[in-house]
Structure formats: C-alpha cells, structure tokens
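I am opening a page for a structure that is new to me, and I mean to note what I look up as I go.

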Amino acid sequence: MLRALAVDDERPSLEELLYLLQADPRIGSAEGAGDATEALRRINRALESGPGGPEAIDVVFLDIQMPGLDGLDLARLLTGFARPPLVVFVTAHEDFAVQAFDLKAVDYVLKPVRKERLAEAVRRAAELRGTAPRIPVSEPDPDHIPVELGGVTRFVAVDDITHVEAQGDYARLHTDKGSHLVRIPLSTLEERWRSRGFVRIHRRHLVALRHIGELRLDAGTVSVLVGSEELQVSRRHARELRDLLMRRT
C-alpha cells in the first residue's frame, strides 16, 4: 500500500486529487499540502521517522506552477535526499515534461486528471516502490538557489549571499545587490549550507563566515558586521561563532 502526499496550491484541484487517490486500492493513505514549503516540512518529518515510520511517504503527486517554491524546485531539492520519495507531476501545462523527466519523475499527468490516467501513474509508482537505489541520477545545483522575481525564476549564487533572515516559514536571502524572499525555512538552509561556511548566530539569522567583516564585543553583548549591517549574536551561539572565526583565522 502506497503512502501518498498530494501538493497543489489550488484547493479544489487538491481535493479532487485526494479524492481520486483515496479511491485507489493501492493507496493506503493520502494527505494534502497547499504549497511546496509545507510539503518539504512534511517530507523532512517523514525521512526523520525512517522508511517504515508512521510519517513515511512513498510518492508525492506534485503540481508544478505554485507561488514561491514551485514543483520543479521542490523536486530538485528532493534529489539531494538520501531516500527521496517517488515523484509524479500533476499539472495543467505540457511545457515542463522534459524537465520533469530529467528529474526522474515516475510520470507526468495532465489536468484535468482522469481517473484511468491517474491509476496508471499509481501503478508505475507501486512497481518502483522499494527498488534500490531510489536516488535520482540528476543532482541539484549546489552553487545556486532559485528565487522568484517578477514572475520569473532566477538563480542566485550561494557565494553571493552574505546572510539569511528568518521570516516565518520564509527566508530572506541578503546579497550586496539586494535581497530575495524564498519559501524555505531557515532551518533547512542551515542544514544544507553548513558545509559551505554558513553558521547560525541567532534564531533569526544565518551568516556566511566569509562575509563577516568584524566581531564586536560591547558590555557583554556580541555582534558581527556583515557589509554595512550589524547583526546581534545570541549568547547561545556566541562561543561557537568565536571559535569558528578563530579557526578560520
């Protein structure tokens, strides 16, 4: 029995997809997510619980065009996971099929979704479940992160990012040329970029060590100068930050 996660920002489409999935006898459970960020949190919990855990997900039925992080962006992120779920794209647009299959998608289902066509996608996913390895051949670009600007997806070089600021479920990426808001939690970026020299200095801030110009101590408080901006360092992170900067020096 497959455990499925359906992702679509349009509520009627999501409900219809869940209805069809739950009617398929090969689907043991089907849950919904209203955007890619919510889906990413759900998938992270599933991976933490292990392959046979109660949160496990076997296959994601994923819309492509969504605000912020879109379906293709989410699929690229999943290629970096050790045990990613299978992906079936469900979209109203034919134009992304090549990109979808480059990401090793199981199937590409066009809207409006027909019961028979979705059943074929479920059959393919059921056949592939448990095959090893389930790691896609294509790898995400580790040097860039996709951002949406005026309805166009652009790619910002990670090396150009000076620091990241948490804004709820979003994160604001700061560069010398401006800032970009992405629908990715700060904790996800912290884990992904730790090996690239990013360190948490506060519950709201992640900083690239190479962009720290000064470490300031003033009456027991610690701050860092990143470009022209001074950022406070929490007591919890002050010692680790000082040690890291000393080692780099």
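I began with Asp63, which I found in the loop between β3 (59-62) and α3 (71-78), keeping in mind that this is a predicted model. I looked it up because the UniProt record, an unreviewed entry, places the feature "modified residue: 4-aspartylphosphate" at Asp63, and such annotations may be inferred rather than shown by experiment.

Is Asp63 buried or exposed? Its relative accessibility is 5%, and since buried means under 20%, Asp63 counts as buried. Leaving aside neighbours within four places in sequence, I listed the contacts of Asp63 as Val7, Asp8, Asp9, Gly71, Val90, Thr91 and Lys111.

My next entry concerns Val207, whose place is in strand β12, residues 205-208. Val207 is buried as well, with a relative accessible area of 0%. Not counting residues up to four places away in sequence, I noted that Val207 touches Thr162, His163, Gly197, Phe198, Val199, Ile201, Ile212, Val226 and Leu231. I also checked Val224, which is 17 residues from Val207 along the chain, and found their C-alpha atoms separated by 9.4 Å.

Last, I turned to the protein as a whole, which has seven helices and 15 strands. Of its 249 residues, 46% count as buried, and the accessible surface comes to about 13200 Å², of which 49% belongs to carbon and sulfur atoms. Among contacts between residues at least 6 apart in sequence, 55% join residues at least 24 apart.

Notes:
Residues are numbered from 1 along each chain as its sequence is written. This is a predicted model: local features need pLDDT of at least 70, side-chain atom pairs count only at pLDDT 80 or more; totals for chains, interfaces and linings use all residues. Side-chain values use heavy atoms; hydrogens and water are left out. Helices (H or I, at least four residues) and strands (E, at least two) are DSSP runs, numbered from the N terminus. Buried means under 20% relative accessible area, exposed over 50%, partly exposed in between (1.4 Å probe, protein chains only). Contact means heavy atoms within 4.5 Å. Accessible areas come from the Shrake-Rupley method with a 1.4 Å probe; for residues, only the protein chains shown count as cover.
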